[in-house]
Amino acid sequence: MKQESSTPALTLAASSFAALGSEQRLLVLRTLVRAGSEGLNIGTLGERTGVTGSTLTHHLKLLASAGLVKQEKQGRSTICAAVAYEEVQALANFLLTECCADAIDGCTEHTHG
């Protein structure tokens, strides 16, 4: 069955999911989600994930490009990272928007907030 979808929404979701296509990037995002809206500085993020240096910088750049992480300079050299919660929620909603749309009985077996 052909899926009806908005091309920009599909393209954006594909880009976001591609950014999460690495175990390390997914670990970084989950660690930032656990940290809350204040985020973490790069050093602490590296300690908690075991991903440091240029590898962590590379992963954060890709997550930021996908709109899933926000980076901001604080002071002279401390860079903080925090989850772009609205974008992450929108990505989850993208998957669930049409949940069970083609099912005869609709969504009766599960809930999805």
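1. His59 first: it sits in helix α4, residues 53-65 (helices are DSSP runs of H or I, at least four residues, and strands are E runs of at least two, numbered from the N terminus). His59 counts as buried because its relative accessibility is 6% (buried is under 20%, exposed over 50%, partly exposed in between, with a 1.4 Å probe and protein chains only). Leaving aside residues up to four places away in sequence, His59 touches Ser22, Gln24, Arg25 and Val51 (contact means heavy atoms within 4.5 Å).

2. A word on the model: it is predicted, with local features needing pLDDT of at least 70 and side-chain atom pairs pLDDT 80 or more, while totals for chains, interfaces and linings use all residues. Numbering runs from 1 along each chain as its sequence is written, and side-chain values use heavy atoms, without hydrogens or water.

3. Now the helix pair. Helix α2 (residues 23-35) packs on helix α3 (residues 42-49) at about 115°, with the axes 10 Å apart (axes are lines fitted to C-alpha atoms over the stretch in contact, and angles run from 0 to 180 degrees between N-to-C directions). From α2 come Leu27, Val28, Thr31, Leu32 and Ala35, and from α3 Leu45, Arg48 and Thr49. By class, that contact has five nonpolar, two polar and one charged residue (nonpolar: Ala, Val, Leu, Ile, Met, Phe, Trp, Tyr, Cys and Pro; charged: Asp, Glu, Lys and Arg; polar: the others, Gly among them).

4. Lastly, strands β2 (69-74) and β3 (78-83) each supply at least two residues to the lining of the second largest pocket (a pocket is an open set of points on a 1 Å grid over the protein atoms alone, where a 1.4 Å probe fits, with protein on both sides within 12 Å along at least five of seven lines; lining residues have an atom within 4 Å of a point). Five nonpolar, three polar and three charged residues make up the lining, including Glu38, Lys70 and Tyr85.
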